[in-house]
Amino acid sequence: MFNKMLFILFLIISCFVITSCSKPQKVMAVSTGTISDITYNSAKVSGQIVDLGEGVNQHGHCYGKTPNMLLTNTDFKTELGIPNTGSFTSPLVNLEAETKYYVKAYLTNGNYTAYGEEKEFSTDPAPIKDKDGNVYNVIRIGTQLWMKENLKTTRYNDNTSITLVPDNTAWNNLTSPGYCWYINDAAGYKATYGGLYNWYTVNTGKLCPEGWHVPTDAEWTTLTDYLGGTSVAVSKLKEAGTAHWNNPNTGATNESGFTALPGGHRDEYGKFNYIVYSGYWWSSTETSTTYAWIRLMNYTNPDVIRLNMDKKEGFSVRCLRD
């Protein structure tokens, strides 16, 4: 009788275990997605709910400057509320410039929290200002930090004025610093394309904001080499589309973020040419008493062209951080 009772008890327990083991377990699971739209103080990051589990009452991302974060020790977190299945995106704000951050997605029901894989990214450098107060966004390309826009200052970094030279004859006679706007129309061209400077302004060493300089010929080569060589780099450097470049603006993707624009030039005789067709940028490297190296990008030519040009000519300027 006793053995029979033990056998019945064994059957009951076995059924209970089998039933319990076969019952589906709903486990929360989430993955961390792509980090995008990185600036000097913000970014976006996506996430994907793999398994919603039961009772989830909050989801989002936690992020900060130290790895291996939890909701209990994170610097920052986003709270997106009760989730639905699928993807989600968090804005990451209040970031510091040129700083490495770590981020991971999470789901929580108050008692248990599931995390996605932790990813890292670095914020961009903060914008810079010239002595006129013009603001320039900055982009890191390889080991270099470049301005993303053409220079448009009318003053050196010691606050002294650069000579504005609208007259053609006066421009042709210059062997000293001078600048102008394309066809002497600041209202039409300054904001987008910046100024045109002769090489003598470059040679002062004071044209760029403090801590920045006009790149040397070798530093231009470092840029194009990093992007795969001149025939590959040109597409990655030019602003895409035809809002500022003439059609067809062959191959332009602006993959690097450099956003090269076709500001044209002013020749040594004072004549203006090639706005929207070509962009010309000075280097600080001279080749003789009258010539120095530049870089040229064109709306159809599939190359970054290195040219030796007269120092009297007026070209655009991009600054590079020291």
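Okay, quick one on secondary structure first: helices are DSSP runs of H or I with at least four residues, strands are runs of E with at least two, and both are numbered from the N terminus. What we're looking at is a predicted model, where local features need pLDDT of at least 70 and side-chain atom pairs count only at pLDDT 80 or more, while totals for chains, interfaces and linings use all residues. Residues are numbered from 1 along each chain as its sequence is written, and side-chain values use heavy atoms, with hydrogens and water left out.

So, the overall picture. The protein has six helices and 21 strands. Its C-alpha trace spans about 120 × 40 × 35 Å along the principal axes.

How much of the protein is buried? Of the 322 residues, 45%. Buried here means under 20% relative accessible area, exposed means over 50%, and partly exposed is in between, with a 1.4 Å probe and protein chains only. As for contacts, meaning heavy atoms within 4.5 Å, take those with a separation of 6 or more: 59% of them are between residues 24 or more positions apart.

Now to helix α5, residues 217-226. Its buried residues are Asp217, Trp220, Leu223 and Thr224. They cover an arc of only 120 degrees around the axis, so they sit on the same side of α5; the arc is that of the directions from the helix axis to the C-beta atoms. On the face turned away from that buried side you find the exposed residues Ala218, Asp225 and Tyr226.

And what do the buried residues of α5 pack against? Quite a list: β11 (138-141), β12 (144-147), α6 (230-237), β18 (278-286), β19 (291-298) and β20 (305-310). After α5 comes Gly228, with a positive phi near 105 degrees.

Ala233, Val234, Ser235, Lys236 and Leu237 are its buried residues, and their cover includes α5 and β19. In the loop between α6 and β16 (265-266) there's Pro248, and the peptide bond from Asn247 to Pro248 is cis, omega near 15 degrees.

Since you'll be checking the backbone torsions anyway, here are two non-glycine residues. Glu98, in the loop between β5 (86-92) and β6 (100-108), has a positive phi near 50 degrees. Glu98 counts as partly exposed because its relative accessibility is 35%. Then there's Val276, in the loop between β17 (272-273) and β18, with a positive phi near 70 degrees. At 25% relative accessibility, Val276 is partly exposed too.

Last stop, Thr175, in the loop between α2 (168-173) and β13 (179-180). Is Thr175 buried or exposed? Its relative accessibility is 58%, so Thr175 counts as exposed. Leaving out residues up to four places away in sequence, Thr175 touches Tyr200 and Lys312.
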